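Dear colleague,

Please find below the structure I am handing over to you, followed by an account of what was found in it.

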Amino acid sequence: MSEDSEALPAPAPDAGPHKRRPRYGGKYPRRFEDKYKERQPERYQSTVAKVLASGKTPAGMHRPIMVQEILQVLALQPGQVAVDCTLGYGGHAQELLKRLLPGGRLFGLDVDPVELPKTELRLRSLGFGPEVFTVCRSNYAGLPRILGAAGLPGADRILADLGVSSMQLDDPARGFSYKLEGPLDMRMNPQRGQPASEFLRKVLPEQLESILAENADEPRAAQLARALAGKDFKTATELAAAVRQALPNSKERERELAVPRVFQALRIAVNEELSALESFLRELPACLNPGGRVAILSFHSGEDRRVKRAFAAGLRSGAYSGVAHEIARPTAEECRANPRCTAAKLRWAQRA
Ligand code: SAH
């Protein structure tokens, strides 16, 4: 495709002075900053298609997980009011919107002020105007307030796809990835709270130990907590190296597994993800219209346990008329095409 030829197309008349394409060694760019084609999927469609076909997620994009399964569970109807609690790239939202029209409405929530405006622009450019799609920069724990402010008693359909997006994970400036050199930040909303570096500097070893055990089932939580709590790590790769060093007697494979676990546990703590989830689960029945449905995608045991318990309690109390008794998992085919979906677990509940 001509859009993918090496030279950038001639600049538009108002595009300012010509810029050379970024220089990188080798045939393909490796650094996020150099992947300028992947980050403009509208302009470089065939580059993006190649990256997707290779089982990778293009820079600046997120592939929605278990879309068919979610659509089946939610069974959206035109005219309904739905909420996507975790808008991300808008992959799920786009599919929900198509099925809510004509006459329906979608509220899209996210705490991330960096990605949210880009996602809003993308969905608006697909033709979803403010009459059908409302963007809210908000924690999903604030859903009751959002519905109240819109004068709605509840929503017919709610989706929450927990955790981080690929855009957050792949951007070194956000500090989520242990593989990328970047400031140790990890905040989904960088304008609030403290970065992971500060959190680690202040946390006590006992606190960190329970964070590692609870948020990532880390078997060597105590040993790691003693080595990491109170230390000053500037970058994500510095912390990753310290995790490996803290386990000198472990097998190489175990050391490598500890690194993503420490990052996951810290991310959950820094963003207070579990307290937001608990608050959301408590308010959920009241946010759903009678007969309304919710689908939740979770990515680790701490999340799934909370969802499972809240749904079971809601079923016992009569708030829900039905809940998923088994989790649904992505197909082997989806896991091959998108390894980032591998840990996903889907549960649903229906309001009585
Ligand atoms: N389903 C989306 C991807 C979601 S990724 C898609 O198809 O593109 C998870 C998103 O949830 C991230 O953008 C993250 O910023 C957001 N998020 C995580 N916790 C949140 C919370 N408590 N409230 C609102 N948004 C949250």
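Predicted model: local features only at pLDDT ≥ 70, side-chain atom pairs only at ≥ 80, totals over all residues.

Asp 110 places an N or O atom of its side chain 2.7 Å from an oxygen atom of the ligand. For Asp 161, a polar side-chain atom is found 2.7 Å from a nitrogen atom of the ligand. Tyr 89, by contrast, takes part through its backbone, with a polar atom there lying 2.9 Å from a ligand oxygen. On its own the ligand has 590 Å² of accessible area, and the protein covers 98% of this. The site itself is the second largest pocket, in which the ligand sits.

Turning to the aromatic side chains, 3 aromatic pairs are present in the structure. One of them joins Tyr 178 and Phe 263 in an edge-to-face arrangement, with 65 degrees between the planes and 5.9 Å from centre to centre. Tyr 178 belongs to the loop between helix H6 (166–170) and helix H7 (196–202), whereas Phe 263 is part of helix H11 (residues 252–270), so this pair ties together parts that are 85 residues apart in sequence.

Two points of backbone geometry remain. The peptide bond between Leu 101 and Pro 102 is cis, with omega at about 0 degrees; Pro 102 is located in the loop that runs between helix H3 (91–100) and strand S2 (105–110). Met 66, although not a glycine, has a positive phi of about 50 degrees, and this residue lies in the loop between helix H1 (45–53) and helix H2 (67–74).

With kind regards

Key. Residues numbered from 1 in each chain as written. Heavy atoms only, no water. Polar contact = N/O pair within 3.5 Å; in protein donor to acceptor, adjacent residues only side chain to side chain. Areas by Shrake-Rupley, 256 points an atom, 1.4 Å probe, with all protein chains shown as cover. 1 Å grid on protein atoms, 1.4 Å probe; cavity = no way out; pocket = protein on both sides within 12 Å on 5 of 7 lines; lining within 4 Å. Sits in = over half its atoms within 2 Å of the grid points. Phe/Tyr/Trp six-rings, centres within 6.5 Å; stacked < 30°, edge-to-face > 60°. Helix = DSSP H or I, 4+ residues; strand = E, 2+ residues; numbered from the N terminus.
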